[in-house]
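Here's a quick tour for anyone meeting this structure for the first time. Have a look at it, then read on.

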Protein chains: 2
Amino acid sequence: MRYPASIQNLIDHFSKLPTVGPKTAERYVFYLLKAHPEWLQGFAQAIAELKEKTTVCQTCLTIAETNPCSICSDQKRNHSIICLVADTRDLLAIESTKQYNGLYHVLGGVINMIEDIKPENLNFKQLLNRLKQNTVKEIILAFNPDLEGETTSMYIVKLLKPYKIKVTRLAKGLPMGADLEYADEITLSNALKYRNEM
Amino acid sequence: MRYPASIQNLIDHFSKLPTVGPKTAERYVFYLLKAHPEWLQGFAQAIAELKEKTTVCQTCLTIAETNPCSICSDQKRNHSIICLVADTRDLLAIESTKQYNGLYHVLGGVINMIEDIKPENLNFKQLLNRLKQNTVKEIILAFNPDLEGETTSMYIVKLLKPYKIKVTRLAKGLPMGADLEYADEITLSNALKYRNEM
């Protein structure tokens, strides 16, 4: 005896999600078996409608409800700064700080040799198109501080050289609440190297 | 700016699954945004149909495609032995050994004082009903070897005393591949206590 086909089918679907193995998928399905039928229908509908109700902003390439998105069409924002991010989640993380008033450009990932993600797989062409209007004065690189993020940053600095645009990147240093004793060497080295005057 | 409503709605649904927090839910949704539309519709349908296509066997109370389930209606199986399990997943784990040919009874959980699961919340009434036919000769207790499993076992031994049915339980001892050096004391004590003659 195996699981009823409808249960196995749903387990198979859940198993495709990142970090979800068959045992976790089983747990999810058995939770859903006890869930309220109405809520279950809502869940199914949310998945079915996911792609219908979202679009990609053709300016900054973020996932949004409208094209252009609410950020690109906001005339109160500073259109002379573009913050480069790997994906929409990073964009939303920066938005949640409420400290940034410029625009964004979603690259769709970072250069990654191991996963074979090359510059031509990312949204560089669209970025260069946006720069043609000559209104952009600064580009902020907001990638994760890891090997892929650094590689991508280096590539962009080279790519943007002819444009004479200021290129900056997120500060490196100790995160809030860090413990010097347990900080890794690179973080601590960066904190020293980029120390600020008080 | 927050997530588009349709994305937030799906994140909220995923967050309700056991062990899934908002960050994991986000990850799932962003994976689904890249998934094939047809597969996504299949996923939605699998959730929508989950309860429609499954039923509970009114004899052994397992989740199944039919009532009675394929096990209870199989005349080739030994109907004089009932294996008591907490839920359908445990039933399937035992089935997958292909070593058991009797019937099952799904209790729907185990007695748990902390979570306030009392005997009256479990399927004991249905079990006693099955015993009225006087065809059952042995009951195997197949609960997890923990406090709740032990409590439930003790309760059942007392409950079944008037019925003069043999009550057995799964063997305790070292699991395959165990390392004596790292085995916990209770496991090792049990392995000694229940040692077998070669």
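How far apart do the C-alpha centres of domain 1 of chain A and domain 2 of chain A lie? They lie 36 Å apart. The bounds, which come from an automatic or database domain assignment, are these:

| Domain of chain A | Residues |
|---|---|
| domain 1 | 5–49 |
| domain 2 | 77–169 |

A bit of housekeeping: this is a predicted model, where local features need pLDDT of at least 70, side-chain atom pairs count only at pLDDT 80 or more, and totals for chains, interfaces and linings use all residues. Residues are numbered from 1 along each chain as its sequence is written, while chains are lettered from A and ligands numbered from 1 in the order in which they are written.

Now for the two copies.

Helix H3 spans residues 37–49 in chain A and in chain B, and the two H3 axes come within 8 Å, crossing at roughly 175 degrees (helices are DSSP runs of H or I, at least four residues, numbered from the N terminus; axes are lines fitted to C-alpha atoms over the stretch in contact, with angles from 0 to 180 degrees between N-to-C directions). H3(A) and H3(B) are therefore roughly antiparallel, the label for angles over 145 degrees.

Definitions and conventions: Angles under 35 degrees count as roughly parallel, over 145 as roughly antiparallel, 65 to 115 as roughly perpendicular and the rest as oblique.
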